Amino acid sequence: MLFRKRKKIEGEKKDIPEGLFLKCEKCGELFYKNQLEKNLWVCPKCGFHFRVGVDFYKKILFDDGDFIKHFAADLESQDPLDFPGYKEKLDRAKAKTGLKEAAVSGLARINGREVVFFLTDFRFLGGSMGSVYGEIFYRAAQEAIKRNIPFISLTSSGGGARMHEGIFSLMQMVKTTVAVVEMEEKGIPFISVLTDPTMGGVMASFASLGDIIIAEPGALLGFAGPRVIQQTIKQDLPTGFQRSEFLLEKGFVDMVVPRKELKSVLSKLLDILGGENGRSQTG
Amino acid sequence: MKILDFEKPIYEIDKKIQELKKMLGEDSQLEEEIANLERRARELKEKIYKNLNRWQKVQLARHPDRPHAVDYIKGMVQDFIELHGDRNFRDDPSIITGLGFIDDYKVAIIAEEKGRDTKEKIWRNFGMPHPEGYRKAMRIMRLADKFRIPVITLVDTPGAFPGIGAEERGQAQAIAESIKLMLKLRVPVITAIIGEGGSGGALAIAVANVVLALRYSIYSVISPEGCASILWRDSTRASEAAEALKLTAEDLFEFGIIDEIVEEPPGGAHWDPHVAVENLKVALLKHLKSLLRLSPEELKKQRMAKFRSFGVFAEK
């Protein structure tokens with residue numbers, strides 16, 4: 001709950017008119033929008049990874065460009081606390097993103113291999129975890145167990161647990177972990193892909209519990225938001241603090257993988273973790 | 001001694017009673033007046049505490065004179081042997097761990113401690129654990145599991161510490177692993193929220209078969225101050241945020257998140273710590289006895305099912 005989103009939300013179509021130049025957030029270089037899109041929203045000059053939504057990841061990772069089958073698509077958030085402004089915020093997020101919630105899941109194919117994929121979208125209330133998010137995760141894990149296929153999560157969650165659902169959101173940290181334990185007991189491989197940003201209650205639950213943990217370059221990853229830390233300790237934070245490369249150095253992620261290589265790395269891991277004794281014949 | 005605004009009238013009567021009692025030796029007629037005042041004090045307390053708003057309850061949960069984990073351990077646990085260190089980095093004084101007995105029952109204790117005076121508060125980091133605190137807790141959980149000792153956790157923290165070292169050493173990973181380990185334990189686990197249940201820093205040691213909360217304790221996804229500064233960019237509107245977050249023991253009981261509210265003495269635990277300690281001990285023993293009837297497998301299953309069930313959503 002401790003991280004405030006950055007002012008600019010990248011990859012949001014209505015903010016990026018056709019044919020216009022776009023400035024890299026990191027190096028400041030100007031690019032054509034379609035030039036960036038062709039480069040998977042990665043800055044050709046400095047390698048900065050722009051935030052993209054779930055549809056973009058589906059397009060670049062899945063053989064079919066989308067789920068073969070959606071799971072738990074009928075779940076809808078309620079307002080159990082009658083929290084000021086929550087219903088309106090949900091409505092705005094739905095209208096803005098075309099999504100029903102911050103999380104989606106379904107059956108997908110990656111180089112011919114079936115997996116259950118769970119993704120979250122930062123544009124929907126910061127990708128925060130409420131009751132529906134937790135339930136979608138849990139049910140998706142059950143599908144992976146039922147089908148005996150690997151499970152991959154790809155997260156972008158600025159605030160972690162969703163404040164507006166109070167204690168119920170906090171409990172989703174445990175519910176998603178119940179799902180992780182159940183997968184573990186059934187020998188289901190679980191790969192966690194961390195994208196910018198994955199913080200708070202999401203990072204402090206399932207996202208940190210993958211058998212393999214992969215991070216996109218430069219993603220902000222951690223427990224407390226940098227502003228909160230700064231206010232608490234009243235010191236400047238070191239350069240690169242809480243970024244993917246920092247976590248790699250400290251030993252909390254297995255690898256930092258550029259977006260362009262993500263599909264092929266996932267595919268290789270699936271071959272080893274989820275395959276038969278030999279190399280997969282389908283890929 | 002810290003006196004909260006809404007406690008003032010009670011303290012004033014209390015002071016008068018003490019003064020009159022001093023004069024009692026000279027004038028026995030005062031006895032009746034003292035009795036009257038004492039009755040009035042009781043009524044006033046009852047009235048004030050029945051109508052507390054959520055923000056006032058937050059202040060009680062954080063009251064500096066409120067009994068802390070060390071007081072509960074001292075009052076409830078016999079032959080307590082404190083165990084130190086995560087065997088990896090250091091000993092985190094924000095979390096006290098150890099073994100002992102409650103009556104004749106073996107227990108492993110994991111407790112967050114804020115510290116009492118300034119020096120101790122700094123040493124204990126105001127009850128905000130670092131990753132090594134949670135890793136120490138996990139060490140004791142494994143020990144308890146191995147020797148079939150029930151685990152009792154006492155929650156009282158503003159939250160897990162937000163700092164550079166904490167992040168460098170994997171605060172998020174430590175909390176996640178602790179939640180996971182607690183789910184898998186094959187011994188009875190009981191959590192009591194005794195003061196402040198601050199978000200993930202509390203949850204990391206609160207995945208229990210039975211979760212109890214003292215009447216004036218709180219448990220929340222975010223502090224009211226943090227919530228107010230996100231919602232209205234104004235942390236001084238914390239009292240409104242406390243209302244919105246519905247974070248009191250009563251709220252949590254109504255939501256089914258906690259299993260039982262443990263009564264505090266009139267006016268709150270700090271008015272009579274012995275009563276609070278005794279009440280918690282009775283509640284812990286009651287639940288411990290009933291959990292001990294379950295098999296190791298059933299204990300784990302019950303815990304997993306309980307936390308799997310939390311959440312409010314519609315399905316269309």
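Guide: Domain bounds come from an automatic or database domain assignment. The model considered here is predicted. In chain B, that assignment gives domain 1 (5-51) and domain 2 (58-308).

Visitor: How many Å separate the centres of domain 1 of chain B and domain 2 of chain B?

Guide: Taken over C-alpha atoms, the two centres in chain B are 35 Å apart. Seven residues from domain 1 of chain B and eight residues from domain 2 of chain B make up the contact.

Visitor: How is the size of an interface often given?

Guide: It is often given as the accessible area lost when the parts come together. For domain 1 and domain 2 of chain B, the buried area is about 650 Å², with 65% of it from carbon and sulfur atoms.

Visitor: Which three residues supply 64% of the area that domain 1 of chain B buries against domain 2 of chain B?

Guide: They are Glu7(B), Lys45(B) and Tyr49(B), which supply more than any other three residues.

Visitor: How many salt bridges and how many residue pairs in polar contact are counted between domain 1 of chain B and domain 2 of chain B?

Guide: The count of salt bridges is zero, while three residue pairs are in polar contact. On the domain 1 side of chain B, helix H1 (8-23) and helix H2 (30-50) each give two or more residues. The largest share of that side comes from H1(B), with three residues. By class, the side of domain 1 of chain B that touches domain 2 has four nonpolar, no polar and three charged residues.

Visitor: What does the domain assignment of chain A give?

Guide: For chain A the assignment gives domain 1 (20-50) and domain 2 (51-274). Their C-alpha centres lie 24 Å apart, and the contact takes seven residues from domain 1 of chain A and 10 residues from domain 2 of chain A.

Visitor: How much area do domain 1 of chain A and domain 2 of chain A bury between them?

Guide: They bury about 760 Å², and 61% of this lies on carbon and sulfur atoms. Within domain 1 of chain A, the residues that lose the most area to domain 2 are Leu40(A), His49(A) and Phe50(A), together 71% of what that side buries. Between these two domains of chain A the count of salt bridges is zero, and six residue pairs are in polar contact. The side of domain 1 of chain A that touches domain 2 divides into four nonpolar, two polar and one charged residue.

Visitor: Between the two chains, how many residues of chain A are in contact with how many residues of chain B?

Guide: Here 56 residues of chain A are in contact with 50 residues of chain B. The area buried between the chains is about 4,900 Å², of which 72% comes from carbon and sulfur atoms.

Visitor: How many salt bridges does the rule find across the interface of chain A and chain B?

Guide: The rule finds six. One of these joins the side chains of Arg308(B) and Glu135(A), at 3.2 Å from N to O.

Visitor: Which element gives the most to the side of chain A that touches chain B?

Guide: That element is H5(A), with 16 residues. By class, the side of chain A that touches chain B has 31 nonpolar, 12 polar and 13 charged residues.

Visitor: In which sense do S4(A) and strand S9 of chain B pair?

Guide: S4(A) and S9(B), residues 313-315, pair in the antiparallel sense over three bridges. Within this pairing, Leu75(A) has Glu315(B) as its bridge partner.

Note on methods:
Residues numbered from 1 in each chain as written. Chains lettered and ligands numbered in written order. Predicted model: local features only at pLDDT ≥ 70, side-chain atom pairs only at ≥ 80, totals over all residues. Heavy atoms only, no water. Contact = heavy atoms within 4.5 Å. Buried area = accessible area lost by both parts, 1.4 Å probe. Salt bridge = Lys/Arg side-chain N within 4 Å of Asp/Glu carboxyl O. Helix = DSSP H or I, 4+ residues; strand = E, 2+ residues; numbered from the N terminus. Nonpolar A, V, L, I, M, F, W, Y, C, P; charged D, E, K, R; others polar. Pairing = 2+ DSSP bridges. Polar contact = N/O pair within 3.5 Å; in protein donor to acceptor, adjacent residues only side chain to side chain.
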